[in-house]
Amino acid sequence: MTGCQIVGGKKDAHRIPGINLQLSDQEIFKFGAMNATILEVPGHTLGAIAYFFESEEALFTGDTLFSLGCGRLFEGTAEQMFSSLNKIKSLPPKTQIYCGHEYTEKNCRFALSLDPESQKLKDFHKRILARREENRPTLPAILADELRLNPFLNCDLQQFKERRRLRDQF
Ligand SMILES: [Fe+2]
């Protein structure tokens with residue numbers, strides 16, 4: 001027995017063995033001296049939650065938002081993911097994004113495939129390649145960069161859709 005506390009989203013409680021703290025949207029989770037506001041962010045999974053440490057300007061997104069990408073829709077719908085990403089978009093732009101995987105380089109290549117002429121993306125790609133070559137993480141990301149560069153945070157913009165000839169889904 002480790003005696004550790006097992007914390008998770010209330011909506012996932014039925015499938016988290018031993019869970020002893022269940023968290024719901026907008027609840028405050030006390031972690032040591034820090035407080036996290038819980039955001040329910042369904043999409044990748046239905047019970048996904050993110051932890052927003054407002055004073056520390058840090059958001060732990062799990063597999064909902066990655067740098068330049070978002071989680072695969074395993075359980076939720078595109079509409080649910082879209083509204084979860086909108087919740088994240090409304091946070092302060094200087095928020096640091098601690099996501100669940102180091103997928104940035106691969107995601108950047110996908111973003112460039114949608115927008116091969118984007119100088120901003122090309123510059124970002126150079127920066128993250130340099131970091132990875134030194135075996136350093138690209139994370140945490142900064143929300144302001146994601147708002148500019150992450151295709152999944154811009155998919156509702158008319159300009160984005162026109163440039164990529166996407167269907168009007170949102
Ligand atoms: Fe994962």
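Which residues do ring pairs link into a cluster? In this predicted model, the cluster is made up of Phe29, Phe31, Tyr51, Phe53, Phe60 and Tyr98. The legends below start with the sheet and then visit the rings, a threonine, the iron ion and the salt bridges.

Figure 1. E9 and E10 are joined by 2 bridges in the antiparallel sense. Look for Ile97, whose bridge partner in E10 is Ala141.

**Figure 2. Phe29 and Tyr51 form an edge-to-face pair.** A search of the whole structure turns up 7 aromatic pairs. In this one, the ring centres of Phe29 and Tyr51 are 5.8 Å apart and the planes stand at 65 degrees, so the pair is edge-to-face. Phe29 belongs to strand E3 (residues 28-31) and Tyr51 to strand E5 (residues 49-53), so the contact ties together parts that are 22 residues apart in sequence. Phe29 is buried, at 9% relative accessibility. Tyr51 also counts as buried, at 19%.

**Figure 3. Phe60 and Tyr98 form a stacked pair.** Here the rings are 4.9 Å apart from centre to centre, with 10 degrees between the planes. Distant parts of the chain are linked: Phe60 sits in strand E6 (residues 58-62) and Tyr98 in strand E9 (residues 96-99), 38 residues apart. Phe60 is partly exposed, with a relative accessible area of 36%. For Tyr98, also partly exposed, the value is 30%.

**Figure 4. Thr37 is a buried residue in strand E4.** This strand covers residues 34-40. Thr37 has a relative accessible area of 15%, which makes it buried. Leaving aside residues up to four places away in sequence, Thr37 touches Gln26, Glu27, Ile28, Ala50, Tyr51 and Phe52.

**Figure 5. Asp63 and His101 coordinate the iron ion.** Asp63 contributes OD and His101 contributes NE2, at 2.1 Å. These two residues are 38 apart in the chain: Asp63 is in the loop between E6 and strand E7 (65-66), while His101 is in the loop between E9 and helix H2 (104-114). Asp63 is partly exposed, with a relative accessible area of 22%. His101 counts as partly exposed too, at 30%.

**Figure 6. Glu75 and Arg15 meet in a salt bridge.** The structure has 9 salt bridges, and in this one N and O are 2.8 Å apart. Glu75 lies in the loop between strand E8 (69-70) and helix H1 (78-89), and Arg15 in the loop between strand E1 (7-9) and strand E2 (21-23), so parts 60 residues apart in sequence are tied together. Both are partly exposed, Glu75 at 34% and Arg15 at 40%.

Figure 7. Glu105 pairs with Arg109, their closest N and O atoms being 3.0 Å apart. The two are 4 residues apart in helix H2, which means that about one helical turn separates them. Arg109 is partly exposed, with a relative accessible area of 47%. Glu134 and Arg136 meet in another salt bridge, at 2.6 Å from N to O. Arg136 is partly exposed, at 36%. Elsewhere, salt bridges with shared partners join Asp12, Arg15 and Glu75 into one network.

Conventions: Residues are numbered from 1 along each chain as its sequence is written. This is a predicted model: local features need pLDDT of at least 70, side-chain atom pairs count only at pLDDT 80 or more; totals for chains, interfaces and linings use all residues. Side-chain values use heavy atoms; hydrogens and water are left out. Rings of Phe, Tyr and Trp (its six-membered ring) pair if their centres lie within 6.5 Å; planes under 30 degrees apart count as stacked, over 60 as edge-to-face and the rest as tilted. Buried means under 20% relative accessible area, exposed over 50%, partly exposed in between (1.4 Å probe, protein chains only). Contact means heavy atoms within 4.5 Å. Donors are N, O and S atoms within 2.8 Å of the metal (3.2 Å for Na, K and Ca); water is not among the atoms, so sites may look incomplete. Two strands pair if DSSP finds at least two bridges between them. A salt bridge is a side-chain nitrogen of Lys or Arg within 4 Å of a carboxyl oxygen of Asp or Glu.
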